[in-house]
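Please look through the sequence and the model first, then read the points below.

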Amino acid sequence: MAVPVIEAKDVTVRYKVGDFKEIGIKEYFIRSVQKNFETKDFFAVQDVSFTINEGDMLGIIGNNGAGKSTLLKVVTQIMVPSKGYVKVNGKIAALLELGSGFDGDLTVKENAYLRGALLGYTREFMNKQYADILEFSELQEFEHRPFKQLSSGMKSRLAFAIACMVKPEILILDEVLSVGDGEFKAKSEAKMFEIIENGKATILVSHSLGQIRRMCNKVLWLDKGRQLAFGDSEPICDDYEAFMKRIK
């Protein structure tokens, strides 16, 4: 029987929205007491459920505003859902934003160790991994260069190399592979397949349907926060492609 790595059940993220920006704090409390303050619910994610097992690679697709990044933040426990739950069996390495966890004034080497520390790895462990991280990211010539001087593609390569080289049990990528040249994208995909083959699980958010088809065996389709489909990659990608042609 397959072992669940991530199980999400009825995950909902709800925000209260109103004219918060139009009034001050004092006015807000006065209106709250007088019950003269109008708010409404906005569901960034609503009743989303899925399960991925060891060896699975899940692609999450949907237009901008579908709730993809919000859902990833729940999975990585950055956010707590308003309803439902996510159970995770394994250590996660997540690349949700290219610049997160890095200091622009520190060097490439210093940032590699900083990101490793944020992921919970010891200096001894990073000492053993650092040379491989530098080689994979192809940043040997920039080792002592301040991080803020790197291009967005270089930053992406470093972040990806750290996440992969520390051998995460669960790798989560949010549009990270859309940055960089074709050669590095190919190398990144090969590395991700290597992680999957070692019994790990991966979640990939990408606007590239071709990339989702090539790499993912399961797909979760979100639209305006709601789950439209979850299951085998090919039929859902076909339906999504047809849907996108209709709305253009």
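The model is predicted: local features need pLDDT of at least 70, side-chain atom pairs count only at pLDDT 80 or more, and totals for chains, interfaces and linings use all residues. Residues are numbered from 1 along each chain as its sequence is written, and side-chain values use heavy atoms, with hydrogens and water left out. Helices (H or I, at least four residues) and strands (E, at least two) are DSSP runs, numbered from the N terminus.

**Helix 3 and helix 4**

- Two packed helices are described by the angle between their axes and the distance between the axes.
- Helix 3 (residues 108–118) packs against helix 4 (residues 123–137) at an angle of about 130°, and their axes are 10 Å apart.
- That angle makes helix 3 oblique to helix 4; angles under 35 degrees count as roughly parallel, over 145 as roughly antiparallel, 65 to 115 as roughly perpendicular and the rest as oblique.
- Axes here are lines fitted to C-alpha atoms, for helices over the stretch in contact, and angles run from 0 to 180 degrees between N-to-C directions.
- From helix 3, Val108, Lys109, Ala112, Tyr113 and Gly116 meet Arg123, Met126, Asn127, Tyr130 and Leu134 of helix 4, where contact means heavy atoms within 4.5 Å.
- The residues of this contact of helix 3 with helix 4 divide into 6 nonpolar, 2 polar and 2 charged (Ala, Val, Leu, Ile, Met, Phe, Trp, Tyr, Cys and Pro count as nonpolar, Asp, Glu, Lys and Arg as charged, and the others, Gly among them, as polar).

- In strand 8 (residues 218–223), 6 of the 6 residues are buried, so the strand is largely enclosed by the rest of the structure.
- Buried means under 20% relative accessible area, exposed over 50%, and partly exposed in between (1.4 Å probe, protein chains only).
- In a regular strand the side chains alternate between the two faces of the sheet.
- Lys218, Leu220 and Leu222 point one way from strand 8, while Val219, Trp221 and Asp223 point the other way.
- Strand 3 (residues 57–61) runs parallel to strand 8 and is joined to it by 4 bridges; two strands pair if DSSP finds at least two bridges between them.
- Within strand 8, Lys218 has Leu58 opposite it.
- Strand 9 (residues 226–232) runs antiparallel to strand 8, with 6 bridges between them, and Ala229 in strand 9 stands opposite Trp221.
- The hairpin of strand 8 and strand 9 has 2 residues between the strands, and Lys224 in this hairpin takes a positive phi near 55°.

- Thr202, found in strand 7 (residues 201–205), counts as buried at 0% relative accessibility.
- Beyond neighbours within four places in sequence, Thr202 has contacts that include Asp56, Met57, Leu58 and Leu171.
- Lys16 has its place in strand 1 (residues 4–18) and is exposed, with a relative accessible area of 52%.
- The C-alpha atoms of Lys16 and Asp41 are separated by 4.9 Å, although the two are 25 residues apart along the chain.

**Loop residues with positive phi**

- Most residues other than glycine have a negative phi.
- Gln77 has a positive phi, near 65°; Gln77 is placed in the loop between helix 2 (68–75) and strand 4 (83–88) and is exposed, at 65% relative accessible area.
- Glu138 has a positive phi near 60°, lies in the loop between helix 4 and helix 5 (152–165), and is partly exposed at 33%.
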